[in-house]
Amino acid sequence: MKPCPLFFVLLAVASAAPITRTPARAAEGVPDTLDFLSRPYDSFDNLGQPPPEPEDLGDEWMRAPIGDGLLTDRDQWRARPGARFNNITLSGDYNRADRLRLGLGYQLQAHEPMAPRLGGRIEYAFGRDRTLYGFQLEQPVIRPGRISIGASLVRRTDHHELHQVPDAENTVALLFARQDYRDYWERDGIGMYLAWRVPDFSNVSIHLRRDEYRSLADRGASSWFHRGRLLRPNPAIDDGETHTVALRLERVAHTTRQTRAGTYHWIEAEWAGRGLGGDFTYTRLLGDLRGVLRLSPATTLMVRAVAGHTPGGVLPAQKAFPLGGVDGLRAHAFSQYRGDQLALLQAEYIIGLWKLRTGAFEGGIHAIAFVDAGKAWDDPRHRWSIHEQAIEVDGGFGLAAAEDKLRVYFAKDLRHGGSDFVTSVRLQRPF
């Protein structure tokens, strides 16, 4: 069974179909920043017009937390009041590769559809005396602004896109529980792209990039609690330079009290080497499709499907697909499985038992039932041979302080009846 890139495009088509049920908060794929949002606004039919006055503060945006996060999605940005978006944000992280990292971000956008968009970030990693940065400029070229060209320049402490615990949550886990849920390396690169915003479908873009990957030494890290617990070392990667072309589809979801649900995706086909040069040669496909559906005023269903495939070449260590831990297969160890093929299906069913809502606070008790099923593996024939794999299945239950706030999970390996429960704490939804 060997899917072609069409398999991943079909994931995008599926996630473009609208769903109409109840509103649900979801983790948003944006950097950890101090930020203030107002009512989201659909810009496809209102290009160049300022948004109306906010009427519904319950609106949410959902986005897969993948990418450099230098520019807010145009639709999400257009939800903000005012004719111009001039925003400064602060960021911070504490991990075993940088130790303390602090940064300052900036974005400049305007409602005029042909105006350029500018995003930037400057950071300093104190543990390795290193200045990090990121800059992105995008310019619409054809009215009404749905086709744009762009360029980016980055030097960042990077981690695998499937390690999706955000900076703030990972910092808390390291300080309080002596757990680091990501592996790190440095990526230093430049790229350009052509993007086409297709209404009601996806943001389709083609990227040409050159990136240098470097392993990072383990700088160690201090924790406030569990100081005697062994901290997993930061592994080395395959150092070298990649020259890549990528076709990417990304869709954010806008959920309101009227739409009451949403589906969103990140899908990418990437080609490296061959006539492009560089130190690595491979073809890599990754699709991440997510949906949130409110079944009743008190019940919510969240689903996520991830598929990874390598039709040819050899993936460097930093591009192999990891699976296991709080991001997927929650009863297994961190990245217990790794390979050039991946399949993952996750579902969470949430029941509101008791709710407290005021003008500035929403809380209560929610019960959660969940299941994770999947596997990562190597296939020397370059086939997505899911039918030949012994799929791992984890399940369990949890409690949450609110729909997208503090939650505790109790996960069990369902294929091994004698396994113990694994407890994990999250500060937001896992997907």
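This is a predicted model: local features need pLDDT of at least 70, side-chain atom pairs count only at pLDDT 80 or more; totals for chains, interfaces and linings use all residues.

Trainee: Where is Arg274 placed?

Mentor: In the loop between strand E11 (261-272) and strand E12.

Trainee: Is Ser335 buried or exposed?

Mentor: Ser335 has a relative accessible area of 14%, so it is buried, the limit being under 20%. Ser335 sits in the loop between E14 and strand E15 (337-339), and it is one of the residues lining the largest cavity.

Trainee: How many cavities are there of 30 Å³ or more?

Mentor: Three. The largest holds about 100 Å³ of space. Which elements matter for its lining? Strands E13 (299-313), E14 (321-323) and E16 (341-357) each give two or more residues to it.

Trainee: And what is the lining like by class?

Mentor: Six nonpolar, four polar and two charged residues. Among the lining residues are Leu162, Val306, Leu323 and Leu342.

Trainee: Which residues have the most contacts inside the largest nonpolar core?

Mentor: Leu162, Val306, Phe321, Leu323 and Leu342, in a core of 14 residues. Strand E12 (282-296), E14 and E16 each give two or more residues to this core. Apart from it lies another core of 13 residues, including Val292 and Tyr409.

Trainee: What does Leu342 touch, sequence neighbours within four places aside?

Mentor: Its contacts include Leu162, Val306, Phe321 and Leu323, along with Trp377 and Trp384.

Trainee: Switching to Gln346. Which strand is it in, and is it buried or exposed?

Mentor: Gln346 is in strand E16. Its relative accessible area is 1%, so it is buried, well inside the under 20% limit.

Trainee: What does the side chain of Gln346 make a polar contact with?

Mentor: The side chain of Asp372, at 3.3 Å. Leaving aside neighbours within four places in sequence, Gln346 is also in contact with residues including Met302, Arg304, Asp327 and Phe431. Of these, Arg304 and Asp327 are in the lining of the largest cavity.

Trainee: Last one: which peptide bond is cis?

Mentor: The one from Arg143 to Pro144, with omega near 10°. Pro144 lies in the loop between strand E5 (130-142) and strand E6 (147-158). For context, most peptide bonds are trans.

Methods. Residues are numbered from 1 along each chain as its sequence is written. Side-chain values use heavy atoms; hydrogens and water are left out. On a 1 Å grid over the protein atoms alone, a cavity is a set of points where a 1.4 Å probe fits but cannot get out, and a pocket is an open set with protein on both sides within 12 Å along at least five of seven lines; lining residues have an atom within 4 Å of a point. Grid points are joined across faces, edges and corners, and a volume is the space filled by probe spheres set on the points. Helices (H or I, at least four residues) and strands (E, at least two) are DSSP runs, numbered from the N terminus. Ala, Val, Leu, Ile, Met, Phe, Trp, Tyr, Cys and Pro count as nonpolar, Asp, Glu, Lys and Arg as charged, and the others, Gly among them, as polar. A nonpolar core is a set of buried Ala, Val, Leu, Ile, Met, Phe, Trp, Tyr and Cys residues joined through side-chain atoms within 4.5 Å. Buried means under 20% relative accessible area, exposed over 50%, partly exposed in between (1.4 Å probe, protein chains only). Contact means heavy atoms within 4.5 Å. A polar contact is a pair of N or O atoms within 3.5 Å; within protein, one must be able to donate a hydrogen and the other to accept it, and residues adjacent in sequence count only if both atoms are side-chain atoms.
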